[in-house]
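This report describes a protein from its atoms. The sequence and the structure are shown here.

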Amino acid sequence: MSLTAEEMKVRNKGLIDEVLKVYPEKSAKKRAKHLATFAEGKPDCAVKSNVKSIPGVMTIRGCAYAGSKGVVWGPIKDMVHLSHGPVGCGQYSWAARRNYYVGTTGVDTFVTMQFTSDFQEKDIVFGGDKKLARIIDEIQDLFPLNKGVSIQSECPIGLIGDDIEAVAKAKGKEHGKTIVPVRCEGFRGVSQSLGHHIANDSIRDWVFDKAATQKQEFQSTPYDVAIIGDYNIGGDAWASRILLEEMGLRVIAQWSGDGTLAELEATPKAKLNVLHCYRSMNYISRHMEEKYGVPWVEYNFFGPTKIAASLREIAGRFDDKIKEGAERVIAKYQPLADAVAAKYRPRLEGKTVMLYVGGLRPRHVIGAYEDLGMEVVGTGYEFGHNDDYQRTTHDIKDGTLIYDDVTAYEFEKFVEKLRPDLVGAGIKEKYVFQKMGVPFRQMHSWDYSGPYHGYDGFAVFARDMDMAINAPVWNLAKAPWK
């Protein structure tokens with residue numbers, strides 16, 4: 001029997017108190033601020049966010065380098081993204097996000113290649129600026145069709161004080177290409193979130209400002225839009241672009257999945273920026289609104305309910321032609337969505353889910369689960385800010401358990417006590433919960449599947465959730481509480 005909201009609040013409070021008992025008093029006091037139960041009508045989720053993790057307590061966060069290289073810059077396909085520092089950071093982040101792209105790898109596209117300056121002890125002692133300059137020259141010799149280079153600085157670069165900006169300016173002028181220094185050393189900030197911000201600022205300063213001084217030919221139309229904050233994981237941006245173009249809009253840029261430097265440069269000429277991942281790209285969207293007068297609107301293409309609402313909201317920024325186009329697209333794909341729901345909802349109705357992801361997913365995917373009759377009973381962000389939790393209040397139910405920067409111990413205990421039918425989180429959590437006998441989906445990069453965006457993606461999403469929950473393997477692997 002399902003619990004009422006008040007019963008869930010009482011249960012969750014007891015669970016939080018139980019979890020906090022294992023910590024020293026000072027740590028428990030700090031962690032208590034990050035755990036709560038949502039109360040309907042409140043302006044946010046009543047948790048503290050975007051502060052340093054407690055030393056010695058396992059956090060699942062990444063660093064600023066991960067936010068810049070792994071998220072914002074890495075998917076730009078026709079630029080070389082150089083991990084400037086020791087080999088480990090580049091190796092760990094190599095092709096992990098599954099940012100699909102069209103092109104010939106190693107000729108005109110470079111997303112799945114790893115470029116590193118491979119810092120050694122002598123580079124730490126004597127500095128790496130000269131080495132960086134030589135590497136940029138080598139990149140131009142080996143890969144002449146690249147459109148530019150981003151220098152993704154790792155921790156040692158900031159510690160020893162290398163002047164990557166001077167190298168970027170000199171080599172950019174010498175080669176006549178865009179070379180962007182990105183001060184995304186991993187020690188900056190409290191998580192990968194600052195890396196997003198730093199990367200956005202580097203686009204502002206080294207791409208937009210440069211493009212503004214150059215005469216570029218661009219044939220504008222009244223229906224130009226840019227997809228912002230979609231990294232084309234498993235083809236997500238393509239599934240989204242189909243819908244926008246079918247309703248009559250022209251997509252002039254994708255940020256940054258399957259995106260190009262030219263698309264970044266053209267974006268300030270858009271009539272509207274449509275923003276998917278608010279956390280990683282709201283900074284540059286706000287800048288374009290303030291400096292270039294380009295408005296932006298958030299959208300959610302997970303599940304038919306949210307897709308229809310988002311298409312109508314986007315269309316509302318244009319004329320009747322686009323509004324009619326949106327209705328035509330919704331009518332065209334609704335039978336597909338209905339068929340997917342008819343097939344999978346009987347198998348998933350009433351199943352419960354706990355989420356713990358980054359970016360937008362802790363709130364955006366809730367509607368897709370609800371379209372399948374499932375209920376999200378707990379959710380939280382790795383690196384969310386308070387405005388993320390404010391936005392989350394529109395998608396969660398009264399009594400939902402909320403956990404910010406949840407520790408490995410807390411998450412395991414929450415799952416053990418709430419006993420969800422499915423956990424959706426990251427690769428670091430995947431095998432822990434599967435070994436506990438709990439069905440799991442890796443919700444950072446779709447567990448080697450996708451797309452999940454758009455109507456096409458909903459069919460894949462539903463299939464994957466059914467496959468995870470109803471796989472016969474769980475009859476052989478029992479959860480501890482069974």
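## Basis

This is a predicted model, in which local features need pLDDT of at least 70 and side-chain atom pairs count only at pLDDT 80 or more, while totals for chains, interfaces and linings use all residues. Residues are numbered from 1 along each chain as its sequence is written, and side-chain values use heavy atoms, with hydrogens and water left out.

## Overall form

The protein has 20 helices and 14 strands; these are DSSP runs numbered from the N terminus, helices being H or I of at least four residues and strands E of at least two. Along the principal axes, the C-alpha atoms fill a box of roughly 70 × 60 × 40 Å.

The radius of gyration is 23 Å, which agrees with the value near 23 Å for a compact globule of 482 residues. That radius is taken over C-alpha atoms, and the globule rule is 2.2 Å times the number of residues to the power 0.38.

## Burial, contacts and charge

The protein exposes about 19,900 Å², of which carbon and sulfur atoms supply 55%; accessible areas come from the Shrake-Rupley method with a 1.4 Å probe, and for residues only the protein chains shown count as cover.

Among contacts (heavy atoms within 4.5 Å) with a separation of 6 or more, 72% join residues 24 or more positions apart. The 63 positive and 63 negative charges have mean positions 2 Å apart. Lys and Arg count as positive and Asp and Glu as negative, without His and the chain ends; each charge is placed at NZ of Lys, CZ of Arg, CG of Asp or CD of Glu.

## Strand S8 and its partners

Strand S8 (residues 272-275) has Leu272 and Val274 pointing one way and Asn273 and Leu275 the other, all of them buried. Strand S6 (residues 224-230) runs parallel to S8 with 4 bridges, and Val225 lies opposite Leu272. Strands pair if DSSP finds at least two bridges between them.

S8 is also joined in parallel to strand S9 (residues 296-298) by 3 bridges. There, Asn273 has Trp296 as its bridge partner.

## Strand S13 and its partners

Strand S13 (residues 422-425) is covered on both faces: Leu422 and Gly424 are buried on one side, Val423 and Ala425 on the other. Strand S10 (residues 352-355) pairs with S13 in the parallel sense over 3 bridges, with Leu355 bridged to Gly424.

Strand S14 (residues 440-442) also runs parallel to S13, joined by 3 bridges. Here Ala425 stands opposite Gln442.

Key:
Buried means under 20% relative accessible area, exposed over 50%, partly exposed in between (1.4 Å probe, protein chains only).
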